[in-house]
Amino acid sequence: MPTETRPQVRPATEGWQQQTDADGRPLLQFAAPRRGKPPVHWADLSVTERQDKVAELGLPRFRATQLSTHYFAHHTSDPAAMTDLPAAGREELVAGLMPPLLTEVRRLTTDDGATVKFLWKLHDGALVESVLMRYPGRVTLCVSSQAGCGMNCPFCATGQNGLTRNMSAAEIVDQVVAANRALRRGELGGKGADDHTPDRVSNIVFMGMGEPLANYKRLIQAVRTMVADQPHGLGMSARGITVSTVGLVPAITKLTAERIPVTFALSLHAPDDELRDELIPVNSRWKVDEALDAARAYFDATGRRVSIEYALIKDMNDHAWRADLLAQKLIARGRGWVHVNPIPLNPTPGSIWTASEPEVTAEFVRRLNAAGIPTTLRDTRGQEIDGACGQLAAAD
Ligand code: SF4
């Protein structure tokens with residue numbers, strides 16, 4: 001129970017109005033509005049569908065493997081680079097099978113060059129972002145899974161205009177291919193002289209625009225392509241892929257049943273329903289305990305330790321009793337299955353969405369660790385260019 005005298009700031013939007021449903025609750029959009037679908041791309045197809053496709057076009061089936069090698073291993077969809085394909089009709093062939101999905105609108109790079117944010121325009125003009133970050137020994141890409149988002153969290157810039165549409169599997173995968181292309185061209189700096197890791201994306205976090213589990217089918221299809229062996233996919237390790245959610249419980253249960261051992265992250269941000277109902281409106285559907293039960297079941301099925309994401313917001317969710325309550329709820333579900341990543345928010349003077357004081361942050365972390373819950377403050381790389389993921393971005 002709360003024993004502190006520190007103030008309790010309630011979540012509220014700043015400078016924009018949250019859309020509400022007939023009952024006056026924040027509107028949740030699970031279904032994407034009907035819009036023109038993006039063109040079907042090579043990365044939307046299964047291996048057999050790719051072979052069928054080239055056969056339909058009168059080519060031998062092995063051409064599918066050559067095309068996949070170009071796209072998934074060499075990260076190119078430029079027909080000029082595909083010299084092992086017959087020159088006659090090559091341009092038309094590639095244009096039809098690998099239509100451009102992402103057009104670069106803008107790129108922002110941090111001073112040290114180790115973080116790059118891409119703004120992409122999709123075929124219908126919708127805008128999405130991805131953020132590429134170099135760390136010693138790994139390169140992480142934060143990808144978007146939807147244009148806009150229907151989850152309506154009051155602190156989130158992405159959610160303000162609701163859901164524009166779901167992204168296709170190929171639009172999700174193509175962000176990784178585009179990042180790999182940029183890496184190959186040496187466009188991401190920050191590589192240490194003793195860093196001999198290859199220049200390609202090694203880790204993916206689904207923390208860009210959108211709620212990944214609200215676009216479930218295409219998310220899974222994209223993940224399967226990411227982990228498929230080259231040349232039929234990107235040949236990535238599932239462990240290096242983090243799928244995060246604000247807690248769509250039935251979809252977490254489905255993800256568990258897929259048995260793809262991705263890293264699973266639950267963006268909790270509050271251990272009590274009273275606050276979380278306001279902070280994460282989807283909590284009105286699935287409560288904290290249900291989300292934690294689903295997260296624990298994910299661990300049981302995959303053996304993968306679950307991450308709990310917790311943005312520390314001054315006087316809103318950073319009270320010591322909340323650290324204790326969180327620890328208590330996690331321990332009630334066993335030990336060794338979870339770790340907590342508190343995320344310091346950007347300091348935003350004058351906003352209710354601002355960073356917790358350093359000593360409050362330290363106390364929050366200390367209490368969780370003391371209770372036996374491994375807890376580490378997360379890196380907030382990318383904030384300098386406003387590239388921290390939507391689930392952290394305070395309204396500005
Ligand atoms: S925080 Fe995440 S789930 Fe909430 S509105 Fe933003 S993108 Fe959607």
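Reply: Strands here are DSSP runs of E with at least two residues, numbered from the N terminus. By that rule Lys-117 belongs to strand 2, residues 115-121. The model is a predicted one.

Me: Why is Lys-117 called buried?

Reply: The cut-off for a buried residue is 20 or more other C-beta atoms within 10 Å of its own. Lys-117 has 22 within that distance, and is therefore buried. As for its place in the fold, its C-alpha atom is separated by 9.6 Å from that of Leu-141, a residue 24 positions away along the chain.

Me: What puts the buried residues of helix 6 on the same side?

Reply: The buried residues of helix 6 (residues 249-258) are Val-249, Ala-251, Ile-252 and Leu-255. They lie on the same side of helix 6 because they cover an arc of only 155° around the axis.

Me: What covers the buried residues of helix 6, and which residue just after helix 6 takes a positive phi?

Reply: The cover includes helix 5 (216-227), strand 8 (241-245) and helix 8 (288-302). The residue with the positive phi is Arg-259, at about 55°.

Me: Which residues of helix 2 are buried, and what covers them?

Reply: In helix 2 (residues 63-73), the buried residues are Arg-63, Ala-64, Leu-67, Ser-68, His-70, Tyr-71 and Phe-72. Among the elements that cover them are helix 1 (47-56), helix 3 (90-97) and helix 4 (169-184). After helix 2 comes His-75, with a positive phi near 60°.

Me: How do helix 1 and helix 2 cross, and is the crossing left-handed or right-handed?

Reply: Their axes come within 8 Å and cross at roughly 120°. The crossing of helix 1 past helix 2 is right-handed. Helix 1 contributes Arg-50, Gln-51 and Val-54 to the contact, and helix 2 contributes Arg-63, Ala-64 and Ser-68.

Me: How do the residues of that contact divide by class?

Reply: The contact of helix 1 with helix 2 has two nonpolar, two polar and two charged residues.

Me: What makes up the shell around the ligand, and which residues come nearest?

Reply: By class the shell holds five nonpolar, six polar and one charged residues. Of the twelve residues around the ligand, the nearest are Cys-149, Met-151, Cys-153, Cys-156 and Gly-159. Cys and Met count as nonpolar, whereas Gly counts as polar.

Methods:
Residues are numbered from 1 along each chain as its sequence is written. This is a predicted model: local features need pLDDT of at least 70, side-chain atom pairs count only at pLDDT 80 or more; totals for chains, interfaces and linings use all residues. A residue is buried if 20 or more other C-beta atoms lie within 10 Å of its own, exposed if 12 or fewer, and partly exposed in between; C-beta atoms are placed from the backbone. Helices (H or I, at least four residues) and strands (E, at least two) are DSSP runs, numbered from the N terminus. The arc is that of the directions from the helix axis to the C-beta atoms. Two residues are in contact if their C-beta atoms, placed from the backbone, lie within 7 Å. A residue is near a molecule or strand if its C-beta atom, placed from the backbone, lies within 6 Å of it. Axes are lines fitted to C-alpha atoms, for helices over the stretch in contact, and angles run from 0 to 180 degrees between N-to-C directions. A crossing is left-handed if the near helix is turned anticlockwise from the far one by less than a right angle, and right-handed if clockwise.
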